Amino acid sequence: MAYAAGLPLRGHNAPAAKRLFIMSKHEVGSEPGAAPGPGPFNRRQGMAGLFAWAWPTGAALAAEASTGPAPLAYITNQGSDSVSVLDIQRQAVVATIAVGKQPAGIAVSRAAGRAFVTNPGDHTVSVIDLARRAAIRTMPAGQGAVGIAAAPDGRRFYVADWYGGQVLAFNAATLLQTAQQAVGKVPAGLGASPDGRRLYVANRDDNNVQELDAATLAPLRRFAVGEHPFAVEVSPDGRHLLALNVMSDDVDVIDLAGGTRVARIAVGHAPYGVAFAADGRRAFVTNQRSQSVSVIDLTTFQVAATWKVGEYPEGIACLGDRLLVVSWMEDAVSVLDAAGGKLLATIDVGRNPRGFGQMVAR
Amino acid sequence: MRRIIAAALLLATTLAVAHGPTRQKVTETITINAAPEAVWAVVKDFDKLQAWHPAVESSTATQGNAVDSERTLLLKGGGKVVEKLESWSEPDRKFSSRMREAGPIPVSNYSSTLAVKPGPNAGTSVVEWRGAFYRGYPNNDPPPDKNDEAAVAAVTGIYKTGLANLKELVEKK
């Protein structure tokens, strides 16, 4: 990952370059429990740290400054204990961030300027500073959290404690725990409502999705769904909850106003992740064991198309006209055209990538 | 009595799918100095693992190479493994199966694919055996003999031993 030679350090890039140099002191490999903010310069890590962080080119920096944030996706690599930062326009990994053990879940929050990662391997959560592209804290969170979600306003994040049967809420700035609620058995995926008022958790082994108050985590309604719900997400218009049933191979659509199921849609084997099209009219579901993505029309609740993708497709995200699909078996991310499913690029990431949750900034 | 049996079956089903959050994968390959057709001829039958894997005492299947065929493997030294065939393709020279009973192997939710592909030179083949699985112990903080590393080591051993023996067998012919 050395990018030492020939880097532009002068001219219009000088101020940005200086900022990057200082930040490189405490990027990759942050200590668990380390406080955010500058720490003592570690000489051993110093030069290696400087080069280990992928240094964006001058052109990319200029583009970032002028057009707003680059379209980035954050992929948890469960086998490499890292997160790959993908620049979707450049179709390349631009940084690799060390996190805790066996990272799985991810929630990227533009409002918080942070991404939150669950590490079920060592019962921690890592907090990534998006601008610095580094984990600023890795902290204990329950007995082994997997699902994670951020509040739309970026003020809170939530984890579903797979082994502990609970949901925890944290202040996204101070990282202090603010609430805790016992839920059902093996809580898996979490989905936040776009208005920020509600949080939904899939109780995998109870075959239901539980609704919680997003501020207090007080339990509200419970919706019976299919077998072993894993991922849950609310549609961008806030009207529908989608629950992916990994054992019954279907997707339940719950009308949130009325609280009833309006559709049960058969998809491929072991549906894992769901993303919504930019206009909210379609949902894309990865079928882990069918090597495919099911495209669901949200006006008719029918499968409009099934697209072939790599082996063990898992995390999925839609950004504009691009659909990103993580292939766990191939250790790569496929970039597809979101309109027709055509494969545009395949980008290698770390080992056993999952990307469970929100891989791109909301 | 029926309710007790039903409850026990439900528990068995739940335990069978209970797994932790971290899936593992193993891929082993070997190059054999024989044409793909010759290698495929040895490995293609779902019920004939015993013919080329040294750890297997006997192997039988319920429906040959038809999808949903179930094979029972009795292992040397004791232990029984049951696998269900999920796909089988003569043109692709590959088949995939899912384990229903892991027996002594410390895995759960295990599936695997065996494929014979043309090798780097004419008259050679590459056999790829690939598996995806979780460790057998479904709870947190597993003991060392039942953790992720143990599961990976067990499956790697099975694949390496089998492929090495396959190579010897085919090249001897």
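How many helices and strands does the secondary structure of chain B come to? Three helices and seven strands. Helices here are DSSP runs of H or I with at least four residues, strands are runs of E with at least two, and both are numbered from the N terminus.

A word on the model before going on. It is predicted: local features need pLDDT of at least 70, side-chain atom pairs count only at pLDDT 80 or more, and totals for chains, interfaces and linings use all residues. Residues are numbered from 1 along each chain as its sequence is written, and chains are lettered from A and ligands numbered from 1 in the order in which they are written.

Back to chain B. Along the sequence, the pattern reads α-β-α-β-β-β-β-β-β-α. Chain B has 173 residues, and 32% of them count as buried. Buried means 20 or more other C-beta atoms within 10 Å of the residue's own; exposed means 12 or fewer; partly exposed is in between; C-beta atoms are placed from the backbone. Now contacts: two residues are in contact if their C-beta atoms, placed from the backbone, lie within 7 Å. In chain B, take the contacts between residues at least 6 apart in sequence: 49% join residues at least 24 apart.

Next, helix α3 of chain B, residues 148-172. At 1.5 Å a residue, its 25 residues should span 36 Å, and the end C-alpha atoms are 36 Å apart, so the two agree. The expected span is 1.5 Å times one less than the number of residues. Which residues of α3(B) are buried? Asp148(B), Ala151(B), Ala154(B), Val155(B), Ile158(B), Tyr159(B), Gly162(B), Leu163(B), Leu166(B) and Val170(B). What do these buried residues pack against? Four elements of chain B: β1 (24-32), α2 (36-43), β6 (107-118) and β7 (125-135).

On to chain A. Its secondary structure comes to three helices and 28 strands. Of its 362 residues, 49% count as buried. Among chain A contacts with a separation of 6 or more, 45% come from residues 24 or more positions apart.

Two sheets in chain A. Strands pair if DSSP finds at least two bridges between them. One open sheet has four strands in the order β8-β9-β10-β11, with antiparallel pairing. Its edge strands are β8 (145-150) and β11 (177-182), each pairing on one side only. The twist averages 20° from one strand to the next. For that angle, axes are lines fitted to C-alpha atoms, for helices over the stretch in contact, and angles run from 0 to 180 degrees between N-to-C directions. Inside this sheet, six bridges join β9 (residues 156-161) to β10 (residues 166-171). Arg156(A) stands opposite Asn171(A) in β10(A).

The other open sheet also has four strands, β20-β21-β22-β23, again antiparallel. Here the edges are β20 (271-276) and β23 (302-308). The twist averages 25°. β20(A) pairs with β21(A), residues 282-287, over four bridges. Val274(A) stands opposite Val285(A) in β21(A).

One loop residue: Ala339(A), between β26 (332-337) and β27 (343-348) of chain A. Buried or exposed? Ala339(A) is exposed, because 10 other C-beta atoms lie within 10 Å. Ala339(A) and Gly268(A) are 71 residues apart in sequence and 20 Å apart in space, C-alpha to C-alpha.

Last, the interface. 15 residues of chain A are in contact with seven residues of chain B. The chain A side divides into eight nonpolar, six polar and one charged. Nonpolar covers Ala, Val, Leu, Ile, Met, Phe, Trp, Tyr, Cys and Pro; charged covers Asp, Glu, Lys and Arg; the others, Gly among them, count as polar.
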